[in-house]
Amino acid sequence: MNLIFEKFPTLSSYEVRHPSGKCVGTIDMIEDGFYYFFPTKEFHGGYWPTWVLQSIVNKIKELDEPYEQSINEYFNENS
């Protein structure tokens with residue numbers, strides 16, 4: 001099973017849906033430039049299977065990679 005990540009019209013937000021179509025949260029870029037997962041209130045408590053957590057981690061790492069790379073390049077050039 002795979003989660004569905006659907007980009008909102010904004011540049012920095014994705015809806016995270018279970019394969020059944022149910023929205024479980026969003027991935028949003030915040031002030032520091034990195035992406036974070038925000039579960040919906042309905043799914044805020046309880047348990048999360050590892051495949052769900054790993055899917056979210058993988059997507060956030062993918063989204064953060066270009067920003068991480070630019071930060072690393074900046075500090076490598078200026079050190």
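**Strand 2 and its sheet**

Colleague: How do strand 1 and strand 2 pair, and over how many bridges?

Modeller: In this predicted model, strand 1 (residues 4–7) and strand 2 are paired in the antiparallel sense, with four bridges, and the two form a hairpin that has five residues between its strands. Within that pair, Lys7 is found opposite Tyr14 in strand 2.

Colleague: And what about strand 2 with strand 3?

Modeller: Strand 2 pairs with strand 3 (residues 23–29) in the antiparallel sense as well, over five bridges, and here too there is a hairpin with five residues between the strands, where Gly21 in the turn has a positive phi of about 100°. Glu15 has Thr26 as its bridge partner in strand 3, while Val16 stands opposite Gly25.

Colleague: What order do the strands take in the sheet?

Modeller: The sheet is open, with four strands in the order 1-2-3-4 and antiparallel pairing. On average, neighbouring strands are turned by 25° against each other, direction ignored.

Colleague: Is strand 2 enclosed or open, and which way do its residues point?

Modeller: Five of the five residues of strand 2 (residues 13–17) are buried, so the strand is largely enclosed by the rest of the structure. Ser13, Glu15 and Arg17 point one way and Tyr14 and Val16 the other, and all are buried.

Colleague: Switching topic, where does helix 1 lie?

Modeller: Helix 1 (residues 50–77) lies across strand 1, strand 2, strand 3 and strand 4, and runs at about 150° to strand 4.

Notes
Residues numbered from 1 in each chain as written. Predicted model: local features only at pLDDT ≥ 70, side-chain atom pairs only at ≥ 80, totals over all residues. Heavy atoms only, no water. Buried < 20%, exposed > 50% of the residue type's maximum accessible area, 1.4 Å probe, protein only. Pairing = 2+ DSSP bridges. Axes fitted to C-alpha atoms, helices over the stretch in contact; angles between N-to-C directions. Contact = heavy atoms within 4.5 Å.
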